[in-house]
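I opened the notebook to go through this structure piece by piece. My entries follow in the order I looked things up.

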Amino acid sequence: LTRIAAYVGRTKINEIYADPETDTGGKEWRDHFKRLIRLCGLGFAPNLAVVLRDPVLTTERMQDICCILNGTEIPGLYTREEQASLVQEMQEQGLVEESIVKP
């Protein structure tokens, strides 16, 4: 039903998952979140996140999902350099004023 609703709403589906064979430290999982956040914030296109239930859906990963659903950030998701890069892109697109951004 989720995929049908996304199709009707012309929404891109983004699957968030992690392969237990390759995602040893949670990097792949967090990279999926980074990509989704970038698409939603800078892509200007409706997006739908589908979290696939898999054997590596740990308590920590459920906390990541809860943080996103509650509208807060995932602690430690971005490095300072990545944050600065995102802020610069947002400023270039006129999405945030320079005076609002804190150093």
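Does valine 8 count as buried or exposed? I looked it up in the model, which is predicted. Valine 8 has 62% relative accessibility. The cut-off for exposed is over 50%, so valine 8 counts as exposed.

I then placed valine 8 in the fold. Valine 8 is in helix α1, residues 2–8. I also found valine 8 in a nonpolar surface patch, with Leu1, Ile4 and Tyr7. Together these four residues have about 570 Å² of accessible area.

Next I turned to asparagine 14. Strand β1, residues 12–16, holds asparagine 14. Its relative accessible area is 1%. Buried means under 20%, so asparagine 14 is buried. I listed its contacts, leaving aside neighbours within four places in sequence. They are Arg35, Leu36, Leu39, Asn47, Leu48, Ala49 and Val50.

Which residues make up the largest nonpolar core? I noted 8: Ile16, Trp29, Phe33, Leu36, Ile65, Cys67, Ile74 and Leu77. Helices α2 (27–42) and α3 (59–69) each supply at least two of the core residues. The most come from α2, which gives 3. Leu36 of this core is also one of the contacts of asparagine 14.

Last, I checked the length of helix α4, residues 80–92. Helix α4 has 13 residues, so at 1.5 Å a residue it should span 18 Å. I found its end C-alpha atoms 18 Å apart, which agrees. Just after α4, I noted that glycine 94 has a positive phi of about 75 degrees.

Definitions and conventions. Residues numbered from 1 in each chain as written. Predicted model: local features only at pLDDT ≥ 70, side-chain atom pairs only at ≥ 80, totals over all residues. Heavy atoms only, no water. Helix = DSSP H or I, 4+ residues; strand = E, 2+ residues; numbered from the N terminus. Buried < 20%, exposed > 50% of the residue type's maximum accessible area, 1.4 Å probe, protein only. Contact = heavy atoms within 4.5 Å. Patch = residues over 30% accessible without salt bridge, like charges linked within 9 Å, V, L, I, M, F, W, Y side chains within 5 Å. Areas by Shrake-Rupley, 256 points an atom, 1.4 Å probe, with all protein chains shown as cover. Salt bridge = Lys/Arg side-chain N within 4 Å of Asp/Glu carboxyl O. Expected span 1.5 Å × (residues − 1). Core = buried A, V, L, I, M, F, W, Y, C linked by side-chain atoms within 4.5 Å.
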